[in-house]
Amino acid sequence: MAVSPTDSGANILEEAYGYTFGYSDQAHLMGLLSISCLAIVIRCSVGAHPHSGMGKPPMFGDYEAQRHWMEVTVNLPVQDWYRNTTENDLQYWGLDYPPLTAYVSWGFGKIAQMVYPRLVELHSSRGEESEEGRIFMRWSVLACDVFLFFPCSLSFIRAIYPEGGARGRARRGAAWTFLLLSPPFILIDHGHFQYNCVAHALVLFSAAMFLKGSKGLPEMMGCVSFCLALLFKQMSLYFALAFFAFLLGRSLQTESTWPQRILRIVSLAIPVLLTFSLVLAPFLTSLESIGHVLHRVFPVKRGLFEDKVANFWCATHLLIKWKSLLPGTLGVRVAAATTSAALTPTVVHCGIRPTKESFLRALSGSALAFFLFSYQVHEKSILLPLLPLTPYFPSLPLTTTTLTLIATNSMYPLLRRDGLSTPYFAFQIALGLLLVGILTRGGGRDGRVVSRVVGAWGVGVGGTLAVGAVSLAHVLEAALPYLQHYYPKLNIFFGRYPDIGVYLYVLVGAGFFMITMGVLFLYDSYSLAVLCCGEEKVKKI
């Protein structure tokens with residue numbers, strides 16, 4: 001049986017995958033391998049472009065930060081990694097990620113000492129941007145992607161699409177294709193340069209283990225994997241409440257007696273405590289030592305948001321100067337309150353009804369709430385809400401493609417600064433064509449969550465507006481110099497808002513992300529009301 005264009009729910013990428021590779025098990029395996037090879041080629045092509053801060057002393061950029069951490073970890077004792085010393089100036093890209101990142105940096109640093117020691121020589125390697133060094137760094141992140149992210153993402157896709165037959169294989173193939181070729185993940189890790197793929201892989205593997213639905217070893221492995229994600233990158237906390245609600249709800253509902261429920265919760269807590277203890281062991285020698293780590297990992301003095309990020313605080317900062325109104329810890333408290341309010345319906349609904357759909361929705365909803373409203377958010381953090389949503393492409397083709405297009409657009413100022421405009425536009429054109437293809441094939445059937453709130457027509461309108469908004473942002477920014485030249489009276493406005501060109505991308509991104517958050521908030525609030533009061537009473541209200 002083949003998935004044909006007439007099959008209900010089949011989308012354009014499923015059909016393309018099926019027609020290209022066929023539907024047998026052997027053909028499906030060949031398809032997965034072919035997509036993997038294509039993904040590697042694209043990553044290498046993007047890696048041939050400049051990286052963040054290239055040729056821009058004295059601080060350079062994230063590439064130099066990752067290289068410097070290798071330098072620090074292989075040359076200094078572990079107790080000094082997070083401490084300001086004469087050999088470790090924390091003002092120059094001091095470690096500000098958890099210890100597992102430091103251990104990975106140490107591992108790659110040791111390899112660098114064997115193959116290209118100049119890359120990690122203490123002090124003298126600062127600003128090292130030789131071709132040999134760049135090749136080593138690019139290959140290090142590619143290795144993490146291929147040997148960690150690829151298999152973990154496939155495990156996650158198999159967990160959300162476990163059905164067999166031709167349709168199941170086509171859906172898994174389409175999800176695998178869209179995830180591995182998703183532009184934001186490639187552009188940030190292999191263009192800008194970071195190791196996000198490690199944390200992403202651990203989060204996806206953890207979710208895959210929990211979705212297996214069986215207690216015991218899979219659940220324990222999931223707990224360990226998510227703890228490692230937290231210990232690699234603290235932004236994995238964006239998912240923590242969703243994981244907690246899902247596991248707590250399932251533990252309470254699947255066990256019949258309270259002793260069994262408590263025993264199951266304790267069995268999950270033990271691997272969590274052991275994982276944290278083992279990874280943090282070198283820093284648990286004193287309160288001062290662990291304090292240095294916490295101070296670096298959770299900086300509260302940097303401000304409400306960093307650079308131009310497409311979230312609520314930055315987008316509205318044009319009118320309301322939040323950084324002045326909410327200084328220091330006041331900003332932390334207000335951000336925590338707004339984030340909690342935004343994610344509560346989605347997370348509570350997941351805890352009460354711990355199903356696969358509610359869990360995946362809670363993962364994206366929780367991460368999106370943190371991105372929009374939490375404290376000290378970077379533009380690159382939009383990868384986190386996209387992570388659990390992107391593999392859901394076969395079920396939500398229009399929603400996932402639209403948000404991917406908007407997310408990529410929201411990072412354009414960063415990517416342009418890094419010299420990545422060419423791959424950015426190539427990816428955006430491909431996404432735009434895919435979006436048009438989905439729209440013309442009637443791809444507006446994006447599930448009951450979206451259709452119940454905005455209607456099936458609303459999804460199509462949103463996709464069309466996304467293409468228009470992204471195009472308009474680029475056109476308007478390109479037109480700004482001409483407006484300043486031919487309409488000098490506007491210079492007063494441009495003088496007051498010198499970054500208005502960058503803010504175009506912020507406003508487009510924040511607008512679409514806020515609408516998405518609103519859809520999730522309304523749907524889960526309605527679902528909770530139905531659970532508490534009954535559907536008839538809610539409809540009367």
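I count a residue as buried under 20% relative accessible area, as exposed over 50%, and as partly exposed in between, with a 1.4 Å probe and protein chains only. The model is predicted, so I take local features only at pLDDT of at least 70 and side-chain atom pairs only at pLDDT 80 or more, while totals for chains, interfaces and linings use all residues. Residues are numbered from 1 along each chain as its sequence is written, and side-chain values use heavy atoms, with hydrogens and water left out.

**Entry 1. Ala-229**

I started with Ala-229, in helix 9. Helices here are DSSP runs of H or I with at least four residues, strands are runs of E with at least two, and both are numbered from the N terminus. Is Ala-229 buried or exposed? Ala-229 is buried, because its relative accessible area is 0%. I then looked up its contacts, meaning heavy atoms within 4.5 Å. Setting aside neighbours within four places in sequence, Ala-229 is in contact with Ala-199, Leu-202, Val-203 and Ser-236. Leu-202 lies 27 residues away along the chain, and its C-alpha is 5.3 Å from that of Ala-229.

**Entry 2. Helix 11**

Helix 11 covers residues 258–280, 23 residues in total. From first C-alpha to last I read 33 Å, close to the expected 33 Å. The expected span is 1.5 Å times one less than the number of residues. Which residues of helix 11 are buried? They are Arg-261, Arg-264, Leu-268, Pro-271, Thr-275, Val-279 and Leu-280. An α-helix has 3.6 residues a turn, so residues three or four places apart point the same way. The cover over the buried residues of helix 11 includes helix 4 (99–115), helix 9 (217–232) and helix 10.

**Entry 3. Helix 10 and its partners**

Next I followed helix 10 (residues 240–254) to helix 15 (residues 328–352). Their axes are 7 Å apart and the packing angle is about 25 degrees. That angle makes helix 10 roughly parallel to helix 15. My axes are lines fitted to C-alpha atoms, for helices over the stretch in contact, with angles from 0 to 180 degrees between N-to-C directions. Under 35 degrees counts as roughly parallel, over 145 as roughly antiparallel, 65 to 115 as roughly perpendicular, and the rest as oblique. The crossing of helix 10 and helix 15 is right-handed. Right-handed means the near helix is turned clockwise from the far one by less than a right angle, and left-handed means anticlockwise. Helix 10 brings Leu-241, Ala-242, Ala-245, Phe-246, Gly-249 and Gln-253 to this contact, and helix 15 brings Leu-343, Val-347, Cys-350, Gly-351 and Ile-352. By class I find eight nonpolar, three polar and no charged residues between helix 10 and helix 15. Nonpolar covers Ala, Val, Leu, Ile, Met, Phe, Trp, Tyr, Cys and Pro; charged covers Asp, Glu, Lys and Arg; the others, Gly among them, are polar.

Helix 16 came next. The axes of helix 10 and helix 16 come within 8 Å and cross at roughly 155 degrees. That makes helix 10 roughly antiparallel to helix 16. This crossing of helix 10 and helix 16 is also right-handed. Ala-242, Phe-243 and Phe-246 of helix 10 meet Phe-359, Ala-362, Leu-363 and Ser-366 of helix 16. The contact of helix 10 with helix 16 has six nonpolar, one polar and no charged residues.

**Entry 4. Helix 15 against helix 23**

Helix 15 also packs on helix 23 (residues 500–533), at about 45 degrees and with axes 8 Å apart. That makes helix 15 oblique to helix 23. The crossing of helix 15 and helix 23 is left-handed. Their contact residues divide into 10 nonpolar, four polar and one charged.

**Entry 5. Helix 18 and Ser-182**

How many of the residues of helix 18 are buried? I find 14 of the 14 buried, so helix 18 is largely enclosed by the rest of the structure. Ser-182 sits in the loop between helix 6 (165–180) and helix 7 (183–193). Ser-182 counts as buried, at 1% relative accessibility. Beyond residues up to four places away in sequence, Ser-182 touches Thr-390 and Thr-404.

**Entry 6. Backbone checks**

Most residues other than glycine have a negative phi, and most peptide bonds are trans. I noted a cis bond joining Pro-57 and Pro-58, with omega about 5 degrees. Pro-58 is in the loop between helix 2 (25–47) and helix 3 (62–75). Phe-193, in helix 7, has a positive phi near 100 degrees. Phe-193 is buried, at 0% relative accessibility. Gln-376 has a positive phi near 60 degrees.
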